[in-house]
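Dear colleague,

I am handing over the structure below, and my notes on it follow directly after. Please read them alongside the coordinates.

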Amino acid sequence: MNAQASPAAAAALHIDYADPSQLPALLADPQVLAVFGFQAGDAAAPSDDPRYLQVGLQADGVAKLEVWRSDKPVSHGRDANGVAWASDGALMFGALQVDENLHGGILGASEHAYAQMLQALSAHAYPHLLRIWNYLDAITEGEADNERYREFCVGRARGIGAIDTATLPAATAIGRLDGVRVLQVYWLAARDAGTPLENPRQVSAYRYPRQYGRQSPSFARAMLAASGSRLPLLLSGTASVVGHATLHGDCTQRQLQETFANFEALIGAARAHRPSLPAQFGEGSRLKVYVRDAAEIGDVRAALALHLPAQVPYIVLHAAVCRRDLRVEIDGVHDA
């Protein structure tokens, strides 16, 4: 392992996309914090390096790796409780893969994952969660409170324990389509607290009414890292939700328009804290686009060409969104 940087060092993170053939070289780089693959099934590139996670979502088109780079040497390993981790003295990447069958289903698996995550944060002395990604199979299977996403939300809250809404991280929860009942959770944490942000067009997720389940989702709409750090704005999964209601459930194109209106409002909220952030997506932005219906991916790509400048890199993934009437969701990062 590499020597770890001083805890006083300022946090810095650069996110980009790379060809899967570069995986060995990336994992040989002492400043790579994490690498993610997006190829379902046996096509995935194998590696037992704890910094590499294969997410069971199928990318459209040419496969790409998502790469997180620090500007400092990175240490990495695996904890006895199954947490894969990497850290550079200012930031920590962590990941867990939890077999639902060992925990009585998605509720127990999510409770276990979040409890283990919090233990890892304490053990490694990175107390501040900035961003979490959650990927689970069949996210909208089940009815009413028995829907898997709603059960996930209950388990997540139980694993967190006392929830302080002023410190909730940005987050994504997306459904895989691979039939594998393993919950994948990975995160970015820091030594210094960030600033959670909400969208003025939306009800905060943690204040959703009872109609969305017995436990409201526990996340912020975006996260700005601590002042003085060099991290992009971390954007939660964003979709065609205004207030707390889904809009345009019958039209993917209109849902995309509403999604980008939400991003505009959210970036505006971030610029109130960091005026140097560009008002629009550009070459410093990186996006992941989740599309429910594979037959619509071509149309979604055509629409993205109208909403995004040509210099914005993005990945399109075939995935299920956490509401049945949401046809598309986008997350990512944004910077100058």
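Six strands form an open sheet of mixed pairing, in the order β6-β7-β8-β11-β9-β10; strands here are DSSP runs of E with at least two residues, helices are runs of H or I with at least four, and both are numbered from the N terminus. Two strands are taken to pair if DSSP finds at least two bridges between them. The edge strands, each pairing on one side only, are β6 (75-78) and β10 (170-176), and the twist from one strand to the next averages 10 degrees. Between β6 and β7 (residues 84-87), which run antiparallel, there are four bridges, and Arg78 has Ala84 in β7 as its bridge partner.

This is a predicted model, in which local features need pLDDT of at least 70 and side-chain atom pairs count only at pLDDT 80 or more, while totals for chains, interfaces and linings use all residues. Residues are numbered from 1 along each chain as its sequence is written, and side-chain values use heavy atoms, with hydrogens and water left out.

Helix α2 lies across β7, β8 (91-99), β9 and β11 (182-190), at about 25 degrees to β11, whereas α3 lies across β9, β10 and β11, at about 145 degrees to β9.

Ala125, in the loop between α2 (106-124) and β9 (128-137), has a positive phi near 65 degrees. Ala138, in the loop between β9 and α3 (148-160), has a positive phi of about 50 degrees.

Best regards

Key
Axes are lines fitted to C-alpha atoms, for helices over the stretch in contact, and angles run from 0 to 180 degrees between N-to-C directions. Contact means heavy atoms within 4.5 Å.
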